[in-house]
Amino acid sequence: MTEPQNPEQNQAPAPELTAKPAEQVALEQKLAELEARHAEVSDAYLRAKAEVENTRRRSEEEIAKSRKFAIEAFAESLLPVKDSLEAALAVENATLEQMREGVHATLRLLTQALERNKVLEVNPASGDRFDPHQHQAISMVPAEQEPNTVVAVLQKGYVIAERVLRPALVTVAASR
């Protein structure tokens, strides 16, 4: 004999139960989309990171090469100065006038080499304003000119690309 059926068993499933699988499918689909987007973004991030690393490495190599060969042009411009000095020493019985002429020619070559490489003299004229960025005051002397102006240059200074290599050593007019 069959047992009487429970009236609740014959009823259709609750609407919540039928909606859940459709909702679950939608969530799984959304999850798959997000995972694909995440993979895409991760790939783009890794590629960008690799590109940055490659750029950094290439930059470091370029900087190293620049440092290594930066002095090349300067050294090349000094070679004629060396040649001139060697030529002067090769002359056995040079007169004082010939030596003097050779020293002047060599000085011109050296000056040209320095100027080509942006090494410029700092040689203020008497009466120029004292500039603590380019001049070093050795002493202050009483003078018949404006206070804090250059009286005399004891040693020229030099700048390279607006950076002081050596300040000019000067005496400065004292306040009256």
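A residue counts as buried when its relative accessible area is under 20%, as exposed when it is over 50%, and as partly exposed in between. Keep that in mind while looking around this predicted model.

Let's start with the overall picture. The protein has 3 helices and 6 strands, and along the sequence they come in the order α-α-α-β-β-β-β-β-β. Of its 176 residues, 13% are buried. The accessible surface is about 14500 Å², with carbon and sulfur atoms accounting for 57% of it. If you take contacts between residues at least 6 apart in sequence, 59% of them join residues at least 24 apart.

Now for the salt bridges: the structure holds 8 of them.

| Salt bridge | Distance |
|---|---|
| Arg58 and Glu51 | 3.6 Å |
| Glu86 and Lys82 | 2.2 Å |
| Lys156 and Glu121 | 3.2 Å |

Take Arg58 first: its relative accessibility is 41%, so it is partly exposed.

Glu86 and Lys82 sit 4 residues apart in helix α2 (residues 72-90), which is about one turn of the helix. Glu86 is partly exposed at 41%, and Lys82 is partly exposed at 46%.

Lys156 has a relative accessible area of 33%, and Glu121 has 42%.

Finally, Glu53, Arg56 and Glu60 are joined in a salt-bridge network.

How values were computed:
Residues numbered from 1 in each chain as written. Predicted model: local features only at pLDDT ≥ 70, side-chain atom pairs only at ≥ 80, totals over all residues. Heavy atoms only, no water. Helix = DSSP H or I, 4+ residues; strand = E, 2+ residues; numbered from the N terminus. Buried < 20%, exposed > 50% of the residue type's maximum accessible area, 1.4 Å probe, protein only. Contact = heavy atoms within 4.5 Å. Areas by Shrake-Rupley, 256 points an atom, 1.4 Å probe, with all protein chains shown as cover. Salt bridge = Lys/Arg side-chain N within 4 Å of Asp/Glu carboxyl O.
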